Amino acid sequence: MTQPIGPVMLDLEGPQLTNADKRLLKDPAVGGVILFARNVEDAYQVRKLCDSIRRVRGDLLLGIDQEGGRVQRIKQGVTRLPAMARLGELFASDPVAGVSLAKDTGWLLGMEMAACGLDISFAPVLDVESGVSSVIGERSFSSDPIHVAKLGHAFIEGLHEAGMAAVGKHFPGHGGVAADSHVALPVDDRPLAELKARDLVPFRELAGVLNGVMPAHVIYSAFDKRPAGFSPTWLGMLRESLGFKGCIFSDDLSMTGAHEAGGPTERAKAALTAGCDMLLICNDRAAALEVVHACEGVSNKRPAKLRYGRARPDIDALAALGRWRRTHAKLEALAN
């Protein structure tokens, strides 16, 4: 039976656990850890770091952003993944080959991240590229929502074949705004009908197979004046209209796009009230401590269900798998 875990997912100071990290990870309100580039030397070191985290708390959910292209935290000892737009280009010219490689990419990513000791990568990106976003761009599979949905579905199937959960982002779609929510609060003024016909398509199609969803720190003014991650209206749509049953992760509550909700405690409470199950709070240890304190006594089973449940593959043994060798060669060629 899955035991509930705390709702806070936070980051670490460096590539090894400090005494301060260890003390913080023992707090029951902490339910997960997300790794950044500063925590990473290579795949082998990440596996050791994950093992050391689990010696402190075996129930923590360990995640990373390993999408491919410019968002790839682990670069040594794993496959260099192309931007997902490369898979979209392949799909546009050869749909069968595009879907096949998207599925193999999800599988390879899942196997490599599992071998590194991680439970999830925050992938796939399901935003529809509109040619205006400074932060999405080539992270998106395509500017065609049907292509995004088909490639996203194949990618998720591959992750699941590797035993790894899939976390889609950024609901209901970050591709239609120019501003970067890391440093600003974007506002998307398009009518709800346009969002439903375009940006929401991948989430509507994939809500039944996704294990996690991350909403955007974007205001969609035609539907709600609050950013999606703080909006019971948006997250209620995700649960009720789209039928999503998995874990909702807030995007990083330290991002500028989240400051609309107030200080760290107010942001955490607003995200939980809106319907988020797990709160990311990164790159600000003082804010993380405040959020941990504010979440005392809160726990949830949904994030715990995303932990990797199989025997983990060995990093060096992956090259013995024909599927890994073939996919690795294709992806490295696309990444060049």
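Contact here means that heavy atoms lie within 4.5 Å. This structure is a predicted model.

**The annotated site**
- An unreviewed UniProt entry lists His182 and Asp251 under "active site".
- Asp251 sits in the loop between strand E11 (247-248) and helix H9.
- Is Asp251 buried or exposed? Asp251 counts as buried because its relative accessibility is 11%, and the cut-off for buried is under 20%.
- Which residues does Asp251 touch? Leaving out residues up to four places away in sequence, Asp251 touches His170, Met214, Pro215, His217 and Leu280.

**Helices H9 and H10**
- Helix H9 spans residues 264-274. Helix H10 spans 285-294.
- The axes of H9 and H10 come within 8 Å of each other and cross at roughly 50 degrees.
- That angle makes H9 oblique to H10.
- The H9 and H10 crossing is right-handed.
- On the H9 side, the contact is made by Pro264, Thr265 and Ala268. On the H10 side, it is made by Ala287, Glu290, Val291 and Ala294.
- Sorted by class, this contact has five nonpolar residues, one polar residue and one charged residue.

**Helix H3 and its cover**
- Helix H3 runs over residues 84-93.
- Which residues of H3 are buried? They are Met84, Ala85, Arg86, Leu87, Gly88 and Phe91.
- The cover over these buried residues includes strand E4 (66-68), helix H4 (95-115), helix H5 (145-161) and helix H11.

**Thr105 in helix H4**
- Thr105 is found in helix H4.
- Thr105 has a relative accessible area of 0%, so Thr105 is buried.
- Setting aside neighbours within four places in sequence, Thr105 is in contact with Leu81, Met84, Leu87, Phe155, Thr327 and Leu331.
- Two of these contacts, Met84 and Leu87, are among the buried residues of H3.

**Gly297 in a loop**
- Where does Gly297 lie? Gly297 is in the loop between helix H10 and helix H11 (322-335).
- Gly297 counts as exposed because its relative accessibility is 78%, and the cut-off for exposed is over 50%.
- Gly297 and Ala207 are 90 residues apart along the chain. Their C-alpha atoms are separated by 29 Å.

Terms used:
Residues numbered from 1 in each chain as written. Predicted model: local features only at pLDDT ≥ 70, side-chain atom pairs only at ≥ 80, totals over all residues. Heavy atoms only, no water. Helix = DSSP H or I, 4+ residues; strand = E, 2+ residues; numbered from the N terminus. Buried < 20%, exposed > 50% of the residue type's maximum accessible area, 1.4 Å probe, protein only. Axes fitted to C-alpha atoms, helices over the stretch in contact; angles between N-to-C directions. Parallel < 35°, antiparallel > 145°, perpendicular 65-115°, else oblique. Left-handed = near helix turned anticlockwise from the far one by under 90°. Nonpolar A, V, L, I, M, F, W, Y, C, P; charged D, E, K, R; others polar. UniProt positions renumbered as here; feature names shortened; annotations may be inferred.
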